[in-house]
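User: I would like to learn how to read helix packing in a structure. Could you take me through it one feature at a time?

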Amino acid sequence: MRKHEDIFGQVSRLAVAVALCIAAMLAVYALAGRFTNTVLLGALIGFVLAMGNFISLCITVSNALDRTVKGDNPQKAQLQIQSSGVIRLVVLVIIYILLFRAKFCDPLATILPLLFAQVSLKLIEFFRKDESEPTKKDGDTTP
């Protein structure tokens, strides 16, 4: 059960961070006078694709780790994660190509949320408190 709480926590933090980035992006579009329904639709689709990509990654890594803990080959788990990455990338490229060919949404507004997710993940990881480190008491000067 703890595993699902960790995944939900990561997904929710990422969703908030990406939503804030998208709000800033939409504000820039509005200030530039380029805000349209296609931009808004692109931002929404981009958000869904970015979050779906991350959730898929979480599920794949979680399943691979579970199999490794149960005694499966670690190289097999690593191969599963790598192949999942390639499949996710191919699926995203196909979806983006179909969306852009249909002129359904603004391409930049659709792609940027995926990049926002990558940057947000890096920032979230950078500022994450390491739970394995002991907390210092007042007056404790040991490194």
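User: Which residues of α2 meet which residues of α4?

Analyst: A contact here means heavy atoms within 4.5 Å, and helices are DSSP runs of H or I with at least four residues, numbered from the N terminus. In this case Val39, Gly42, Ala43, Ile45, Gly46, Phe47, Ala50, Asn53 and Phe54 in α2 meet Ala109, Thr110, Pro113, Leu114, Ala117 and Leu121 in α4. By class, eleven of the residues in this contact are nonpolar, four are polar and none is charged, where Ala, Val, Leu, Ile, Met, Phe, Trp, Tyr, Cys and Pro count as nonpolar, Asp, Glu, Lys and Arg as charged, and the others, Gly among them, as polar. Please keep in mind that this is a predicted model, in which local features need pLDDT of at least 70 and side-chain atom pairs count only at pLDDT 80 or more, while totals for chains, interfaces and linings use all residues. Residues are numbered from 1 along each chain as its sequence is written, and side-chain values use heavy atoms, with hydrogens and water left out.

User: At what angle do the axes of α2 and α4 cross?

Analyst: Axes are lines fitted to C-alpha atoms, for helices over the stretch in contact, and angles run from 0 to 180 degrees between N-to-C directions. The axes of α2 and α4 come within 7 Å and cross at roughly 40°. That makes α2 oblique to α4, because angles under 35 degrees count as roughly parallel, over 145 as roughly antiparallel, 65 to 115 as roughly perpendicular and the rest as oblique.

User: Is Thr110 buried or exposed, and what does Thr110 contact?

Analyst: Buried means under 20% relative accessible area, exposed over 50%, and partly exposed in between, with a 1.4 Å probe and protein chains only. Thr110, which lies in helix α4, has 0% relative accessibility and therefore counts as buried. Leaving aside neighbours within four places in sequence, Thr110 is in contact with Gly42, Ile45, Gly46, Tyr96, Leu99, Phe100 and Cys105.

User: How many residues does the largest nonpolar core have?

Analyst: A nonpolar core is a set of buried Ala, Val, Leu, Ile, Met, Phe, Trp, Tyr and Cys residues joined through side-chain atoms within 4.5 Å. The largest one here has 24 residues, and those with the most contacts inside it are Leu14, Ile22, Met25, Leu26 and Leu49. Helices α1 (2-31), α2 (37-69), α3 (74-101) and α4 (107-127) each supply at least two residues of this core, and α2 gives the most, with eight. Not counting residues up to four places away in sequence, Leu49 touches Leu92, Ile95, Tyr96 and Leu99.
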